[in-house]
Every structure is written in structure tokens, then in C-alpha cells.
Amino acid sequence: MRKSDGIALVVTLVSILVIGGVSALMFSRMLDEMRHSRDNTAVIQTLMLARGGANVAGALLTGPVKDRLQQVVNATSSSTNRWSYGGNGSGSQPDPATVASDLAVVAGQLQTQVDALICGLNPAPASSGATVQVRVYFTGTACGVGLPAGVQLPSGRFVDGAPRGGTGDNTLQQYSLPFVMVSEATQGIYKRNVVLQGEYRFPIGRSSFARYALFTNVHAARGGGDVWFTDRTLFDGPVHTNQYFRFYRNPWFGGEVTSAGCASPGVSSCSGSVTPGASFMSADGSRQTFIAESSMSPNASAPTYRGTQPAFTDGVSWRTSFIRLPDNNDRQRDAANDRGLYFTSNLYSLDLYAADDNGNPLTRDLSGRWQPAATYQYIKACTSSSSCTEYRYADGPSKVLYRKSGSSWVAVQSNFNGVIYVDGNINRLRGPSRVPAISVDSNDAPPAVARFAEITVAARGDIRITRDLKYESPPCSSSPTRNLDGSVTRATCDNLGANNILGIYAQGTSSDPGDVLIGGGNISDGLRAPQNIAIHGVLMSSRGVVGVENYDSLPPSGDVQLLGGIIEYYYGAFGTFNPSTGVFVTGYGRKFTYDQRMLSGKAPPYFPTTELDEVGTPRVISFGQREQVY
């Protein structure tokens with residue numbers, strides 16, 4: 001019995017030892033598997049974080065870095081040579097060595113800008129406990145760190161494009177800067193990186209004057225009167241003058257504000273001294289003075305003077321380059337001669353209207369929408385009140401232009417380019433009449449420009465607008481407004497994919513300036529614009545003004561509701577008001593909305609361009625990447 005009991009005890013103890021050993025082994029293996037799983041998870045997480053950092057850097061290259069590149073291009077590109085970079089050679093391509101040398105300067109300046117934007121950035125989620133560092137190399141050093149071992153940067157190069165022929169030529173040229181991107185992720189003891197090589201390709205072309213909400217060569221009335229921006233001033237797009245601005249109280253600017261500071265701007269250059277700065281009037285109107293940029297308080301980005309404080313929400317520069325207005329309209333005339341409409345003398349009237357097959361303007365349904373969608377864009381040109389020719393074209397890639405002959409339509413032009421040129425004056429530029437005609441509400445005016453139409457109306461002389469000119473598909477549905485607390489509500493622009501666009505351009509000469517005028521003549525002659533006129537388009541006068549005819553004697557007529565921009569030599573007057581009450585005494589008020597589509601490079605066809613280079617949308621092209629654990 002005792003012998004059997006001893007054997008059972010031994011067996012039990014051995015079993016316990018075996019089971020304990022197996023359990024310990026299983027637990028150890030489980031811990032090992034958990035550690036391996038944790039390690040694998042951490043390695044994968046750090047790789048994903050590194051790749052995420054590379055994606056963030058790629059997004060920055062096509063977004064904020066583009067703005068930095070534009071600044072560098074403004075400072076380095078040639079405004080006179082056939083090539084922005086690469087000299088003035090006569091060949092079909094720029095000299096490669098010169099391109100490489102020029103783009104090395106671009107790369108150096110861009111590296112400084114990119115480092116300021118990216119170095120120190122940690123795009124890792126705050127809850128991850130990880131660190132992600134990104135470097136983008138356009139030169140041999142980024143964020144103070146040299147290129148990874150075995151990695152080299154080739155020279156910048158010309159990709160494609162054609163040489164430009166001079167002012168107004170908007171030919172695109174595409175250049176490329178090679179880059180190396182390093183994204184390093186660290187989580188605990190784990191590190192992983194991604195090294196990517198590629199090219200940063202960017203097109204360059206002349207920027208259009210259509211990009212400005214307001215542009216003046218001389219920021220004063222044609223007769224020499226001062227022009228002040230006041231708390232009634234609300235511009236939500238880029239504003240520029242070759243002279244200097246005057247501020248009173250709290251004008252608001254939602255786009256970049258720039259001035260060249262030229263005391264006496266000439267036609268082609270600054271003919272006087274240059275002093276960056278602006279004039280300020282105290283809020284109570286008792287004092288005014290010019291303050292140089294170096295003396296602005298508290299700083300040049302947010303100057304204040306005795307209660308006057310303009311709001312620059314998108315920045316301000318007091319020392320930009322002089323931007324010359326065009327000295328001819330050859331480009332528009334040639335385009336009209338080629339595939340547009342060219343009229344050799346004054347026009348009694350030029351009508352634009354969006355309509356159906358039978359030429360009937362659109363009508364509003366119960367919800368206020370214009371119906372049906374326009375079938376054709378109509379253009380009616382009259383040399384007298386009884387001698388008219390009517391044209392039309394429909395949407396489509398060919399844009400065949402038809403002329404009305406009796407009751408039939410005859411094709412006269414294929415691939416119509418949208419340019420209408422008049423070698424003289426346009427006495428009445430107008431859209432359809434309001435319904436009813438006596439309405440004082442611009443909402444009652446049918447669309448003048450069909451949803452697909454892209455039109456530029458250019459003239460050697462004056463252009464008088466006498467009826468509403470509205471888009472069938474406007475990009476914006478409201479204007480910026482000042483709130484009771486002094487803040488500003490921006491315009492609602494939620495239809496920026498709209499295609500319809502209109503440009504109105506009067507070139508003029510030194511003896512005959514060529515103005516764009518809101519009609520203020522006799523009503524019986526059809527030379528008076530309606531109250532609260534709505535104009536959708538970009539208005540430009542190279543030698544004159546965009547303003548209201550007889551502004552100082554015209555009865556109060558509501559507001560000019562502009563959706564677009566104004567470019568002019570002098571600042572055109574719209575009306576007069578009582579400075580004590582703010583009530584308008586004569587003419588029109590201003591209710592302007594900037595067409596935000598112009599910021600992305602959209603412009604009316606063959607609209608005048610500046611001599612400055614503008615960077616288009618860059619492309620980031622990856623040639624491959626490698627990953628490394630260390």
C-alpha cells in the first residue's frame with residue numbers, strides 16, 4: 001500500500017512538472033508572438049507614417065509651394081527675353097546650359113522658401129506618439145541636412161513650349177526642377193524612411209490682367225482728384241496700383257494688395273521717384289499724411305494711423321514691380337481677323353443674349369431660375385438703328401459661327417474664338433431688356449452670356465454699356481458685405497466650375513483714351529443704363545477709365561453690381577455722395593464681387609496680359625522610391 005502510494009505521488013509530481021513546463025513554454029511562446037506582433041505592427045506603422053509624410057509633402061508642392069515658387073519666378077524670370085529661363089536665343093528651344101544656370105538660381109531661392117514651410121513640420125497624428133520629419137531637396141542641403149548617401153540631383157531643364165513674341169503673347173513654357181524627398185518616421189525605438197526622387201514641373205505664361213479685382217496705373221481721377229479707400233471699400237480679390245493708395249477709416253481687402261510706389265507713373269514706366277508707402281487720413285478726417293513703408297506703425301503689414309486701419313487679409317506689399325498696361329490691341333484685332341468678328345467702323349449697338357433656337361431670351365420659372373438652358377449664344381451688331389447683322393453659335397468643340405440670312409442661318413466661321421473687335425466706338429453694348437422694361441431690379445434681366453460662351457469685346461475707342469450683361473451661370477451668388485460689428489462676410493462663390501465669361505476692353509490712344517462707361521446719356525436715345533445695373537465680366541481701359549458717364553449730374557441710380565474686375569489707367573468715378581450722411585447724391589454706388597475663377601488662371605479669350613510671368617499648376621512626377629529600416 002505504502003509502495004503504491006509513493007509511486008502515485010511521484011507520478012503526480014512529475015505530471016505537475018510536465019504540465020508546468022508545457023504551460024511555461026506556451027506562455028513564453030505567446031509572449032514572443034506578442035512581441036513579434038508588436039514589432040511587426042510598429043514597423044508597418046512607421047512605414048505608413050513615413051509614406052504619409054511623403055504624401056503631405058507632395059500636397060504641399062502642388063499647393064503652398066506653388067505660391068512660394070511664384071515669388072521666386074517674379075524675382076528671377078526674364079520679362080523681355082524669348083525664354084523665361086534660357087536667354088534670348090533664336091532657336092526653337094532655349095540654350096540648355098543657360099537654362100541649367102538660371103534654374104540653379106531658382107532652386108536656391110526656392111529651397112529657402114520650402115525649408116521655411118516644411119522644416120520642423122510633424123504631420124504625424126498627435127495621438128500616435130510618433131515623429132515624422134520631411135525634407136525636400138532642390139539643392140544639396142535641406143533643413144540643414146545633406147542629401148542621402150548615393151543620391152544626386154541633376155540640373156534643371158526645359159521641358160517643352162514655344163518662345164514668346166512680346167507683350168501680350170501668352171505662350172506657355174514648361175520647366176523642371178529635379179528634387180529628392182526624404183520622409184522619416186520614428187515611433188519608440190523604431191525608425192523607417194522613404195526616399196523619393198522626381199521632377200517638379202511647372203508651366204510659365206504671361207499673367208492675365210483679368211486676375212485683378214482692381215488695377216490702376218494712376219490711383220487718382222483723370223482730372224487729378226485724390227481717390228480714397230474708405231470703410232465702404234470691400235475688395236475680395238487682388239488689388240494693384242503703379243502709384244500708391246490712400247486709406248481712410250477701415251477699408252477691407254480680401255485679396256493681396258500691391259503697389260509700386262511710383263509718384264508719377266507714365267505709360268510704359270515709372271517716370272518719377274519711387275517711395276514705397278501710402279497716404280492715410282485720420283478717422284475724424286482732420287489730418288492726412290503720406291507714410292513711407294519704413295515708418296509704418298506698428299508694422300508695414302498692418303499699418304494704423306489715428307483710427308484708420310485698413311484690413312489686409314491676404315497680405316500687402318508696398319514695393320512691387322511697375323506693371324505696364326498694353327500700348328496696343330493688335331492681339332485682339334488679329335484674333336478677330338483670324339477666327340472672330342471684325343467690324344471696321346463704329347457700332348450703333350452690339351447686343352449679346354442667350355436664347356433658344358428661335359432667338360427667344362430665357363424666362364424665369366416660379367423658383368426664379370432661367371429656363372430653358374440656352375441653345376445658342378447670339379450676337380447682334382448694328383451700324384445704325386435699322387441696319388443690323390445677327391450671328392449665333394452653339395456649344396461644342398467646333399463652335400461654328402452662323403450669320404442670319406433672311407430666315408436661314410449660314411455658317412461663316414468654324415472654331416469661333418470668341419473675340420469681337422470694333423475699329424471705333426461701341427455706342428451701346430447691352431444684354432436683353434428687363435422684364436418688365438421699367439424694372440429697377442437687375443434680377444429681371446435675362447442672361448446675356450450663355451453658360452458655354454467665352455467672349456471678349458474689344459474696341460479702339462469708347463465702349464458704353466447701356467443694359468445689364470449677365471451670365472447664364474454666374475460663379476457667385478452674393479457680394480461681400482460689411483456687418484454691424486464691422487466684420488466682413490465674404491461673397492458666396494460656389495459655382496467656380498462655370499464656363500461663361502466676358503471681357504470688355506477699350507484700348508484708346510493718347511489723344512482718344514478709350515473709356516468703358518456705364519451709360520449716363522439720354523434715355524430717349526437708349527444711352528442711359530438702368531438703375532442697379534448688373535455687369536458680369538472683366539472691364540478694362542488701357543488709357544482711360546472704367547466709370548459712369550456724367551457721374552456728377554446723373555440722378556442717384558442705385559449700385560453698379562459688378563461680378564468680375566476693373567483694370568484702368570486712371571480711377572474712374574461712379575458717383576458723388578454726402579460725406580456727412582453717406583447718402584449718394586449723383587450717379588451710382590459700387591457693389592463689386594471678384595470672380596474667384598480668375599485666381600486659377602481663367603480669363604476671357606485673348607484678354608490682355610501683363611509682362612509678368614505667372615506659374616501655372618505644377619506637376620509632381622515621381623521616378624521611384626526606396627525604403628530603409630535602421
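**Figure 1. C143 lies in the loop between β2 (141-142) and β3 (145-146).** The model shown is predicted; local features need pLDDT of at least 70 and side-chain atom pairs pLDDT 80 or more, while totals for chains, interfaces and linings use all residues. Residues are numbered from 1 along each chain as its sequence is written, and side-chain values use heavy atoms, without hydrogens or water. The phi angle of C143 is near 55°, which is a positive value in a residue other than glycine. Most residues other than glycine have a negative phi, and most peptide bonds are trans. With a relative accessibility of 28%, C143 counts as partly exposed (buried is under 20%, exposed over 50%, partly exposed in between, with a 1.4 Å probe and protein chains only).

**Figure 2. N415 occupies the loop between β24 and β25 (419-422).** N415 is not a glycine, yet its phi is positive, at about 55°. The relative accessibility of N415 is 37%, and the residue is therefore classed as partly exposed.

Figure 3. P298 belongs to the loop between β14 (288-292) and β15 (311-312). P372 is placed in the loop between β20 (370-371) and β21 (376-382).

**Figure 4. H219 is a buried residue in the loop between β7 (214-218) and β8 (234-235).** Its relative accessibility is 0%, and H219 therefore counts as buried. The side chain of H219 makes a polar contact of 3.0 Å with the side chain of T216 (N or O atoms within 3.5 Å, one able to donate a hydrogen and the other to accept it).

**Figure 5. Strand β1 (residues 131-137) is largely enclosed by the rest of the structure.** V134 stands opposite S183 in β5.

**Figure 6. Nine strands form an open sheet with mixed pairing.** Their order is β24-β23-β22-β21-β18-β26-β28-β32-β34. The edges are formed by β24 (408-413) and β34 (546-548); each has a single partner strand, so one side of each is left without a neighbour in the sheet. Strands of a sheet pair through backbone hydrogen bonds, either parallel or antiparallel. Within this sheet, β26 (residues 426-430) and β28 (residues 463-465) run parallel and are joined by two bridges. L429 has I465 of β28 as its bridge partner.

**Figure 7. The largest cavity has a volume of about 50 Å³.** One cavity of 30 Å³ or more is counted (a set of points on a 1 Å grid where a 1.4 Å probe fits but cannot get out; lining residues have an atom within 4 Å of a point). The lining of the largest cavity consists of A213, F235, D236, L562, G564, G565, F592, T593 and Y594. Strands β35 (559-570) and β38 (589-594) each supply at least two residues of this lining. By class, the lining holds five nonpolar, three polar and one charged residues, with Gly counted as polar, Tyr as nonpolar and Asp as charged.

How values were computed. Two strands pair if DSSP finds at least two bridges between them. Helices (H or I, at least four residues) and strands (E, at least two) are DSSP runs, numbered from the N terminus. On a 1 Å grid over the protein atoms alone, a cavity is a set of points where a 1.4 Å probe fits but cannot get out, and a pocket is an open set with protein on both sides within 12 Å along at least five of seven lines; lining residues have an atom within 4 Å of a point. Grid points are joined across faces, edges and corners, and a volume is the space filled by probe spheres set on the points.
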